[in-house]
Amino acid sequence: MLFVKQSDSSDFAEQMKQAASLLQQGGTVAFPTETVYGLGANALNAAAVQKIFEAKGRPGDNPLIVHIADRSALEPLVTEIPDCAYALMNAFWPGPLTLVFPKAPCVPDVVTAGLNTVAVRFPAHPIAQQFLKACHCPVAAPSANTSGRPSPTEAGHVIEDLYGKIDALIDGGPCQVGLESTVLDISGPVPVLLRPGRITPEQLREVLGEMEISAGVAEQLSEGEVPRSPGMKYRHYAPNTDVCVVRGEDDQVVLYINHQIAKNHADGKRVGVMVYQQVLPQILGADVLLSLGDVHHRSAAAASLFSHLRHFEQEGVSLVLAQDSTDTGLGLAIGNRLHKAAGYQIIDLR
Ligand code: TXA
Ligand code: MG
């Protein structure tokens with residue numbers, strides 16, 4: 001397995017070329033993006049893409065996002081570019097927005113899980129761009145974690161999950177955004193938000209006017225409900241520990257969490273807690289206490305959520321109590337990931 005790291009700077013460009021050449025030969029390469037690390041393969045090579053599903057243990061009915069190095073690489077992948085796409089690309093590309101288009105025949109079925117649409121993203125991370133340019137092909141890449149685990153926001157997370165199962169890893173340090181891209185389906189008459197992310201519904205509506213939010217984005221899908229994005233139906237982001245979300249006014253949340261810490265300690269259990277910094281000093285006796293940052297600047301919570309979940313797991317806590325997020329702005333994406341990690345175990349104190 002090839003490791004590429006930016007600090008070994010003299011060889012960096014050369015090693016990036018080596019990683020790109022491994023991908024061109026049908027291999028799998030993990031690389032950083034501004035959202036999370038991706039596990040890439042040549043999107044036009046079905047056998048190579050199949051290796052991604054094997055390495056991750058990913059269900060075959062969950063389609064992948066195709067990554068491109070510039071806008072001109074979009075056209076061959078799709079049969080139509082709707083008018084609203086241009087405004088969206090001008091506003092948010094390169095960046096953490098994935099757009100779903102009607103798919104061209106050159107995109108293999110394994111990439112799109114047999115759907116007649118394809119998801120495309122042009123990432124902003126300079127190393128991602130350098131790597132994608134060097135590949136000279138579109139790159140299919142899901143998050144570089146074992147399926148169902150929290151997405152990787154640093155190279156160490158990729159090693160934890162996929163060491164020995166992939167051909168190369170490019171280490172670009174921690175990811176800035178920390179949550180996967182916003183996914184917006186523009187293949188139908190009205191744009192539909194399939195997955196919330198750093199680009200918020202408020203930002204999208206400013207460009208689009210009309211937009212729907214898919215079932216399952218803000219709340220749990222009800223039984224039997226079929227999501228428009230296949231990935232939405234799986235339990236996701238789950239560490240190997242129990243997670244419980246606590247919702248309410250700050251003092252209610254503090255009282256409840258402190259009570260639960262004492263109660264679990266009486267049962268001999270270790271408890272992890274993650275709350276916003278405003279209430280953190282009032283939490284008493286947690287075995288592992290992590291901050292979600294300033295509640296008014298939620299980018300810190302987004303950036304640390306997945307690595308916190310992995311940290312709790314490593315610390316061997318048997319329960320994580322997490323303060324809930326709002327459902328506006330970036331809070332919608334944070335809540336969406338947190339609620340899934342908790343298997344929708346939410347204590348509402350309001
Ligand atoms: O930020 C990101 O998007 C990261 C980085 C690596 O780019 N990638 C990522 O990929 O999160 P993945 O595979 O973990 O999530 C892709 C999501 C899934 O929920 C999948 O169901 C949805 O996008 N998706 C992919 N193609 C689709 C399509 N044609 N129609 C509807 N949903 C699609
Ligand atoms: Mg994923």
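Reply: Let's begin where Ser299, Ala301, Ala302, Leu305, Phe306 and Leu309 in α9 meet Leu330, Ile334, Arg337, Leu338 and Ala341 in α10. Contact here means heavy atoms within 4.5 Å, while helices (H or I, at least four residues) and strands (E, at least two) are DSSP runs numbered from the N terminus. Sorted by class, this contact has 9 nonpolar, 1 polar and 1 charged residues. Nonpolar covers Ala, Val, Leu, Ile, Met, Phe, Trp, Tyr, Cys and Pro, charged covers Asp, Glu, Lys and Arg, and the others, Gly among them, are polar.

Before going further, please keep in mind that this is a predicted model, in which local features need pLDDT of at least 70 and side-chain atom pairs count only at pLDDT 80 or more, whereas totals for chains, interfaces and linings use all residues. Residues are numbered from 1 along each chain as its sequence is written, chains are lettered from A and ligands numbered from 1 in the order in which they are written, and side-chain values use heavy atoms, with hydrogens and water left out.

Now for the geometry. Two packed helices are described by the angle between their axes and the distance between the axes. An axis is a line fitted to C-alpha atoms, for helices over the stretch in contact, and angles run from 0 to 180 degrees between N-to-C directions. For α9 and helix α10 (residues 330-341), the angle is about 15° and the axes are 9 Å apart. That makes α9 roughly parallel to α10, given that angles under 35 degrees count as roughly parallel, over 145 as roughly antiparallel, 65 to 115 as roughly perpendicular and the rest as oblique.

Helix α9 (residues 299-314) has another partner to look at, helix α6 (residues 155-162), where the axes come within 11 Å and cross at roughly 55°. These two helices, α6 and α9, are therefore oblique to each other. Their crossing is left-handed. His157, Glu160 and Asp161 of α6 make the contact with Ser307, Arg310 and Gln314 of α9. By class, the residues of this contact of α6 with α9 comprise no nonpolar, 3 polar and 3 charged.

Next, look at Val273, which is found in strand β13 (residues 271-275). Leaving aside neighbours within four places in sequence, Val273 is in contact with Ile257, Ile261, Ile283, Ala286, Val288, Leu289, Leu290, Phe312 and Leu321. Val273 is buried, with a relative accessible area of 0%; buried means under 20%, exposed over 50% and partly exposed in between, using a 1.4 Å probe and protein chains only. From Val273 to Leu290 is 17 residues in sequence and 6.3 Å in space, C-alpha to C-alpha.

Helix α3 (residues 83-92) and helix α7 (residues 201-208) pack at about 130°, with axes 9 Å apart. That makes α3 oblique to α7. The crossing of α3 past α7 is right-handed. Cys84, Ala87, Leu88, Ala91 and Phe92 in α3 meet Gln203, Leu204, Val207 and Leu208 in α7. Those residues of the contact of α3 with α7 divide into 8 nonpolar, 1 polar and no charged.

How values were computed:
A crossing is left-handed if the near helix is turned anticlockwise from the far one by less than a right angle, and right-handed if clockwise.
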